[in-house]
Amino acid sequence: MPSLKDLKNRIDSVKSTRKITKAMQMVAAAKLRRAQDAAENARPYAERMEAVMSGLAASVGDSDNAPRLIAGTGSDQVQMLVVMTSERGLCGGFNSSIVKAARLKIQELQAAGKTVKIITIGKKGREQLKRDYANLFVAHIDMSDVKKVGYDDAAGIAQSLMDRFADGEFDVCTIFFNRFVSVISQEPTVKQIIPAVFDAPDAEAEASAAAPYDYEPSEEGVLADLLPRSISTQIFTAFLENAASEEGARMTAMDNATRNAGEMIEKLTIEFNRSRQAAITNELIEIISGAEAL
Amino acid sequence: MANTMQFDLVSPEKRLASLEATQVQIPAAEGDMTAMPDHAPVITTLRPGLVKVTGADGSETSFAVTGGFVEINAEATSVLAEHAAAGDADSRAALEGFLEDARKRATEAEGDHKDVVEKFVADLEQLLEDMV
C-alpha cells in the first residue's frame with residue numbers, strides 16, 4: 001500500500017503531465033491549421049502541373065525519344081525507396097504506419113529478387129528502419145533544421161534524386177508519406193515518382209479541351225523543362241501532406257493522452273482519499289482502545 | 001468577343017494573383033509575348049522576367065517570376081512560376097538571393113548545363129535592371 005505522500009506525489013506528477021499534453025495538443029492544433037493552409041495554397045499549382053503533364057506525357061510519352069524520366073531505364077531491378085517521416089515523436093502511429101508500409105514493400109521487393117536502396121527523410125523513420133535494414137541505406141536527408149519546408153527544399157531533394165537517376169544508381173524511385181485525410185485519419189501512401197507516371201487524361205477532360213495546345217518551343221522541349229519541376233512538385237506536395245498528417249496525428253495522440261491523464265488523476269484521488277480515511281480510522285481505534293485499557 | 005480573361009499567377013507555395021485582365025505580357029522562353037482574350041491555346045516555358053498584367057479597370061501590376069510555364073487559352077491565362085513575387089522593392093531582396101545562387105551554380109556547372117545556367121543568370125540580371 002503506497003503511503004499518502006507517495007500518492008500525493010503521483011497525483012501531482014500526472015497533473016503536470018496532463019498540462020504538458022494539453023499544451024502540446026493546442027500547439028499541434030494551431031500548427032495543423034497552418035499546415036492545412038499551406039497544403040491548400042499549394043493545390044492549384046500542383047493540379048495545373050499534373051493536368052499539363054498528363055496531357056504532354058500522353059502525346060510524347062509513347063514515342064521512342066521520350067525522356068528517360070518518363071520512359072524509365074527499361075528495367076526495375078534497382079528500387080530506390082524514399083521514406084518520409086517526421087523529425088519529432090509523440091505523434092501516435094504516424095511514423096510507424098509509414099515505416100510499416102515501407103517494410104511491406106521492402107519484403108515484397110526482396111522476395112522478388114530486386115535490389116533495394118533506402119533514403120530516409122526525417123529522423124524517426126531512420127531510427128525504426130535502421131534496426132532491420134541498415135545495410136540498405138544510401139543516404140539520410142536531415143530536415144531538423146528546416147522549420148517550414150519550402151518548395152526549394154523539395155526541389156533540392158528532387159534534383160539530388162534525378163542526379164542519382166542520371167548516374168544509373170537506380171531504376172525506379174518510390175516515395176512513402178502519409179496522405180492527410182482528416183484529423184483522425186492519415187493514409188500511408190506509396191507513390192512512384194521516377195519513372196514518372198501520370199494518370200491518362202479522362203475522356204471527359206479530353207473532350208472539354210476542344211482546342212489542342214500549341215507548345216513552344218516544342219512538345220519535347222516543354223516536357224524536358226517541366227519534368228524536373230513536376231517531380232519537385234510531387235515531392236513538395238508529399239511534404240505538405242506529411243506535415244499536415246503529422247500535426248493531425250499528434251493532436252489526436254495528445255488528446256488521448258490528456259484524457260487518460262484525467263482518468264488516472266480521478267482514480268488516484270479516490271485511492272488517496274480512501275487511504276487518508278483509513279489512516280484516520282486507524283488512529284481513532286488506537287486512541288479508543290488506549291482509553292479503554294485505562 | 002470577350003474583353004477580359006481570367007488571369008492567375010500561382011507558385012508552388014501560394015496563389016499570388018487571380019483577377020480579370022485585358023492583357024498580360026509574359027517573358028516566354030523564346031521572347032516576350034502578350035496574351036489577350038481569345039488568344040490561341042499555347043503552352044510555353046518561362047524565362048526569368050516581369051509579368052505585366054493590365055487589369056479590367058486599366059490598372060497595371062507587375063510580378064517578377066523565374067522559371068515555370070504559362071498556359072494560355074481563349075478565356076484564361078495561367079502563369080505557373082517556380083518563384084514569383086510582386087514586382088516591387090520587397091521582392092528585390094529575394095530575387096537578388098536567387099541571382100546569388102544562380103551565379104554560384106554557374107561557376108560549378110559544366111558543358112551544356114553551364115550555358116543554361118549562364119543564360120539564367122543573364123536573364124535575372126536583366127530582370128533586376130528592369131525593375132529599377
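**View 1. Confidence of chain B in the predicted model.** Chain B has a mean pLDDT of 80, with 86% of its residues at 70 or more; pLDDT is the predictor's confidence in each residue, from 0 to 100. Within chain B, helix α1 (residues 89-108) has the lowest mean, 70, and strand β1 (residues 5-10) the highest, 90. Helices (H or I, at least four residues) and strands (E, at least two) are DSSP runs numbered from the N terminus. For the complex, the predictor reports an ipTM of 0.78 and a pTM of 0.85. The model is predicted: local features need pLDDT of at least 70 and side-chain atom pairs pLDDT 80 or more, whereas totals for chains, interfaces and linings use all residues. Residues are numbered from 1 along each chain as its sequence is written, and chains are lettered from A and ligands numbered from 1 in the order in which they are written.

**View 2. The side of chain A that touches chain B.** Contacts (C-beta atoms, placed from the backbone, within 7 Å) join 21 residues of chain A to 21 residues of chain B. On chain A, α1 (4-60), β6 (214-216) and α7 (219-293) each supply at least two residues, and α1(A) gives the most, with seven.

**View 3. Strand pairing between the chains.** β6(A) pairs with strand β4 (residues 42-45) of chain B in the parallel sense over three bridges; pairing requires at least two DSSP bridges. Tyr215(A) has Ile43(B) as its bridge partner in β4(B).

**View 4. Packing of two helices in chain A.** Helices α3 (residues 94-111) and α4 (residues 123-133) of chain A pack at about 35°, their axes 9 Å apart. Axes are lines fitted to C-alpha atoms over the stretch in contact, and angles run from 0 to 180 degrees between N-to-C directions. Residues making the contact include Ile98(A) and Ala102(A) of α3(A) and Gln128(A) and Leu129(A) of α4(A).

Terms used:
Two residues are in contact if their C-beta atoms, placed from the backbone, lie within 7 Å.
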